[in-house]
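The sequence and the structure are shown first.

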Amino acid sequence: MASRGVSETAKLKANVESQLNRLIAQLQDLEELRDDIDEDEYDSTKKDTLEQMKEFDQTLSRLMAGDMTLVSELGSMQLAMQAAISQAFKTPEVIKLFAKKDQGSLRARMEEIQRSMKLGKMSKDVAVEQTVEILGALKKLGEPLTPEEDRFLEAHKTASMQDFEKANTNIGSAAKANIMSNAAAQVKSAQR
């Protein structure tokens, strides 16, 4: 009996997730090796990785335009890609958890960040940056924030995070065009 696309959809989703995880791991490895490589090599490799993410994002757009059964599945992955491209999220782990819609792990990571900062294992600036990324991801996923978390996010979010928050999670054709336009503009400005 025919699968009516169910197994094909599952395989496509697995392949898309695999590609997304590979690109995120590549970014994560690059960040971990930053001190071991020279600045030009770091910049070049990061630019190449972001270009691969941009191409992957374009592929996701084409998939979403042609197969409506995958729109909701691919929508969150596309938003994660756009967040990475636009630099709203700089932490590969946050991008990965956001793409998987893993709110529990995002909250657990935020607690780890607070502990690391208190123990002096992480600077306050890095802790604030990563906490803002996580709160932005949680908010975008529809997770309710406490009033304290909301105030913290408003006080510390960057311009790229504000643009990302404005992106519509219901990726219609007009919204998709707007997001793609914003992401493309941000990629171009980052390359300058």
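## Helix packing around α6

In this predicted model, α6 and helix α7 (residues 147–156) pack at an angle of about 115 degrees, with their axes 10 Å apart. Axes here are lines fitted to C-alpha atoms, for helices over the stretch in contact, and angles run from 0 to 180 degrees between N-to-C directions. The crossing of α6 and α7 is left-handed, a term that applies if the near helix is turned anticlockwise from the far one by less than a right angle. On the α6 side, the contact (heavy atoms within 4.5 Å) involves Val-128, Thr-131, Val-132, Leu-135, Gly-136 and Lys-139. Glu-149, Asp-150, Phe-152, Leu-153, Glu-154 and His-156 contribute from α7. By class, the residues of this contact comprise five nonpolar, three polar and four charged. Ala, Val, Leu, Ile, Met, Phe, Trp, Tyr, Cys and Pro count as nonpolar, Asp, Glu, Lys and Arg as charged, and the others, Gly among them, as polar.

Helix α5 (residues 103–118) also packs against α6 (residues 124–140). The angles and axis distances of both pairs are tabulated below.

| Helix pair | Angle | Axis distance |
|---|---|---|
| α5 and α6 | about 165 degrees | 10 Å |
| α6 and α7 | about 115 degrees | 10 Å |

The helices α5 and α6 are therefore roughly antiparallel to each other, the class for angles over 145 degrees. Their crossing is left-handed. From α5, the residues in contact include Leu-106, Met-110, Ile-113 and Gln-114, and from α6 they include Lys-124, Thr-131, Ile-134 and Leu-138. The residues of this contact divide into nine nonpolar, four polar and three charged.

Thr-131 lies in α6 and is buried, with a relative accessible area of 4%; buried means under 20%, exposed over 50% and partly exposed in between, with a 1.4 Å probe and protein chains only. Not counting residues up to four places away in sequence, Thr-131 touches Met-110, Ile-113, Gln-114 and Phe-152. The C-alpha atoms of Lys-124 and Gln-114, 10 residues apart along the chain, are separated by 9.1 Å.

## The chain and its confidence

The chain contains nine helices and zero strands. Helices (H or I, at least four residues) and strands (E, at least two) are DSSP runs, numbered from the N terminus. Of the 192 residues, 39% are buried. Among contacts between residues at least 6 apart in sequence, 64% join residues at least 24 apart.

The average pLDDT (the predictor's confidence in each residue, from 0 to 100) is 75, and 65% of the residues score at least 70. Among the elements, α5 has the highest mean pLDDT (92) and helix α9 (residues 173–191) the lowest (49). Over residues 168–176 the pLDDT is below 50. Where pLDDT is low, the predicted coordinates should not be read in detail.

Residues are numbered from 1 along each chain as its sequence is written, and side-chain values use heavy atoms, with hydrogens and water left out. Local features need pLDDT of at least 70 and side-chain atom pairs count only at pLDDT 80 or more, whereas totals for chains, interfaces and linings use all residues.

Notes. Parallel < 35°, antiparallel > 145°, perpendicular 65-115°, else oblique.
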